Amino acid sequence: MPLEIAGMDRYPPLMMRSWTVARVSGIDVRLHPTFAFVFLWVLIDWRRVGAGNGGSSIAFSVILVLLIFTCVLLHEFGHAFMARQHGVRVHDVSLSAIGGVARMEQLPEESRAEVLIALSGPAANLAFIIAMAPIVLLAGVVSGFSSLEDYATTVFEPSPIGLLTTLLYANVLIIVFNVLPAFPMDGGRVFRAALTSAVGREMGTRIAVVVGQAFAVVLLLFSIFVAQSVILVLLSVFVIVVAYGEERAVRVESAMRRMRVGQFALWDSGGIGPNQPLTNALRGGLRDITVTEGGRVVGVLWRNRLLAELGRTVSGRTVGDVMERDPITVDIDMPIYDVHQLMEEQDLWAVPVIESGMYRGIFTGDRFLHIYSQLSPDPVQAARHFIERRLLARLRA
Ligand SMILES: [Zn+2]
């Protein structure tokens, strides 16, 4: 299933709250509300396929669907555990009506890690098949099966052996579907990595996305006219939407890797001296201010700290009393992309920019809005996600 990478300029296609239902080795398992529809579709989609009608067949389908989604979870945890091995933080694994998604922090730039993380999902299903095969074979032998055809005819049959063979069959389908070179499915990521080494990441992504969307359109036509499956229709639409979002994110990301933080830093009259009275810091409005001495950064006066101080008596106190000493600074040539990563990791709202040790200006989080508006055709949407996260972090702080 697609790996969704949490990051800027990325928002889930279905903006609905998920519920955390379990926690496996520190990773939340979440259910999207649409997961409930699966059972509605069981009645529409699966009864058609399932042998016979009546209660036993429906009960069989419900159990089967639950087991298949367990295999989807297995697939997602394959991704999640491999990602953690490569130092990528995994937010959660969520199940919706159209499958699973493992949400994680920005993947490493290194293609090899991305390929390994992508392949470990299908590998988990393969491991499941290998582990199950002897049990299914044995059950078949006990039932007097003599050929592979005997096994094949039990697929979708509402019986214990039917459950086992259908589960194997479903895992084969999960693997086949995921290794298609349709971005953002797992195979598409491997395909993109191969293209990246030839034509670069930005162009590689663009090609992989076009191929992925072509696959999705074929799948969409197939699911409407041949399979007549609601789940497949939704899945193809999902692939088209996510592939588009991914392409745009990579475009924004490469542009942000080219931009330097120096271009967006604000001089702000060279900051403020540590011996100045605190009241001076309020001139020009409430904001984060760099504290400098002889042109060098010695601290930062955070606006929320300043705000807290306003309630008390300010007279007699200096900037140096309230500032944070030895703050994190960035070099004027640091790419905007790396600055964004740093600010997210350290939960910073602003960062002083220096050149050869001297203060050159302050870069504040709201400058990202300006940057997004230059890069994205839909800056409001792109920035909203970022701002919401930052504001929430501020409110909690
Ligand atoms: Zn996958």
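**Strands and a helix**

Reply: Strand β4 is mostly covered, since five of its seven residues are buried; a residue is called buried if 20 or more other C-beta atoms lie within 10 Å of its own, exposed if 12 or fewer, and partly exposed in between, with C-beta atoms placed from the backbone. Strands (E, at least two residues) and helices (H or I, at least four) are DSSP runs numbered from the N terminus. This is a predicted model, in which local features need pLDDT of at least 70, side-chain atom pairs count only at pLDDT 80 or more, and totals for chains, interfaces and linings use all residues. Residues are numbered from 1 along each chain as its sequence is written.

Me: Which residue in β5 stands opposite Val93?

Reply: Two strands pair if DSSP finds at least two bridges between them. Six bridges join β4 to β5 (residues 99-104), and these two strands run antiparallel. Opposite Val93, the residue in β5 is Ala102.

Me: In β4, which residue is the bridge partner of Asp28?

Reply: Strand β3 pairs with β4 (residues 90-96) in the parallel sense, over four bridges. In β4, the bridge partner of Asp28 is Asp92.

Me: In the hairpin of β2 and β3, which residue takes a positive phi?

Reply: Strand β2 (residues 19-24) is joined to β3 (residues 27-31) by five bridges, and the two run antiparallel. Within that pairing, Trp19 stands opposite Leu31 in β3. The hairpin has two residues between the strands, and the positive phi, near 50°, belongs to Ser25.

Me: How far apart are the end C-alpha atoms of α6?

Reply: The expected span of a helix is 1.5 Å times one less than its number of residues. Helix α6 (residues 186-199) has 14 residues and should therefore span 20 Å, which agrees with the distance between its end C-alpha atoms. Among its buried residues are Val190, Phe191 and Leu195, and just after α6 Gly200 takes a positive phi of about 90°. The end C-alpha atoms of α6 are apart by 20 Å.

Me: Which residue in β10 is the bridge partner of Val330?

Reply: An open sheet of three strands has the order β9-β10-β11, with mixed pairing, and its edge strands, β9 (330-331) and β11 (358-364), each pair on one side only. Two bridges join β9 to β10 (residues 350-355), and these strands run parallel. In β10, the bridge partner of Val330 is Val353.
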